[in-house]
Amino acid sequence: MTAFLACLALSPILILGLQAFLVRIFQAAGLPALPQAVAALALLLGAAINAGLVWLLYIGGLRYPGELAAAWSYAALVYGGLGYSYFHLFNISQTSRRLRILYELHAAGPTTPQALEGLYSPVDQLRNRLERLLALGQIRQEGEKYVLDGFSLLHLAARGLSLWARLLGLRL
Amino acid sequence: MNRRVGPARLKQALLDGLALFLVSLASHVLLWRLAPRWRRIPLLLACFLLPPFLAFFCGGGPSAEAWLLHLALSFSYIQTYPAIQALSPTLRLLLILRDCEKTGLSFDEILARLNPRTLDADRVEDLLKAGFLLQAPCGELSVAPRAAWLLSPFLLLRRVLGFTGGPEG
């Protein structure tokens, strides 16, 4: 049981190792890959490896369907929660504007707000975001226009978050 | 909360962990609706970290398994909260595109609606308020020493992962 719990609790380290490995494989092969897509791939591979490990360490020894269902549900929820947290942390390191501002100022030294805008312009920010969404297949480009692409998981997330914000009484 | 061995203990931990998370979430929703002035990150952390301690002091502390489940779910919610509080530009962009689903929008039209310039000004303001940025009387911005503590772990993570440079933003 302790090994089963340790395996789940340490799963973000496994995902980190897998992602670092995959990034280097993609870089060595010269394949262009969106960092978030590689992180998602690491998350899925980690889930498969973790499922195998928890089966070997604990779940394989269970007999009754109720016990199996509870153990798999528990493992899926813990892995899902920690895996999502890891993914989010990585995403912050990749897309946070606050960190980008700090990084630019750290590299450039004291800078006026106008010069800071030049280092990371609003146009560049929007271009970065549109390129990411196109690469993830969340939107498509029709001539000069950008269009939401049918079923978009991120759009669904945006709607869910704005609904939840309303439930909390927050104004967006 | 029971502390039984083996599969029964795990079943109980599943229920306890979910119950703890739901109680925490409910207290967060109630507090946010009833006391808007208290909508602060430390209080959000308290909403999710206090219930297990309260249960412990009431004589029915959750097991380690229940704690792990509660923490895994709580971390994922706490990480999502900033995106709930101030919808990220990417998610806002998707909602703008949904409003013009049939015709779509050009780059300039999106730029005009999203207005990232004001969003950035908000971020600089946030960083100044939090003490991560310093502003000289002449208006120049510089990074405060404490910002290194914030920036370093993320730069280390990026190095471990094989990325060069800073965040794309």
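Reader: How many residues does the contact take from chain A and from chain B?
Author: The model is a predicted one. In it, both chains supply residues to the contact. Chain B gives 80 residues, and the number from chain A is 83.

Reader: What area is buried between chain A and chain B?
Author: The size of an interface is often given as the accessible area lost when the parts come together. Carbon and sulfur atoms give 71% of the area buried between chain A and chain B. The total is about 7600 Å².

Reader: Which side chains meet in a salt bridge across the interface?
Author: The rule finds one salt bridge between chain A and chain B. Because a salt bridge requires the nitrogen and the carboxyl oxygen to lie within 4 Å, a pair at 3.3 Å, N to O, qualifies. The two residues are Lys145(A) and Glu109(B).

Reader: Which element supplies the largest share of the side of chain A that touches chain B?
Author: Several elements of chain A each supply at least two residues to that side, including H1 (2–9), H2 (11–29), H4 (65–95) and strand S2 (145–148). Of the residues on the side of chain A that touches chain B, 49 are nonpolar, 21 polar and 13 charged. The largest share, 20 residues, comes from H4(A).

Reader: What is the bridge partner of Tyr146(A) in S1(B)?
Author: Strand S2(A) pairs with strand S1 of chain B, residues 105–106. The pairing is antiparallel and runs over two bridges. In S1(B), the partner of Tyr146(A) is Leu105(B).

Note on methods:
Residues are numbered from 1 along each chain as its sequence is written. Chains are lettered from A and ligands numbered from 1 in the order in which they are written. This is a predicted model: local features need pLDDT of at least 70, side-chain atom pairs count only at pLDDT 80 or more; totals for chains, interfaces and linings use all residues. Side-chain values use heavy atoms; hydrogens and water are left out. Contact means heavy atoms within 4.5 Å. Buried area is the accessible area (1.4 Å probe) that two parts lose on being put together, summed over both. Helices (H or I, at least four residues) and strands (E, at least two) are DSSP runs, numbered from the N terminus. Ala, Val, Leu, Ile, Met, Phe, Trp, Tyr, Cys and Pro count as nonpolar, Asp, Glu, Lys and Arg as charged, and the others, Gly among them, as polar. Two strands pair if DSSP finds at least two bridges between them.
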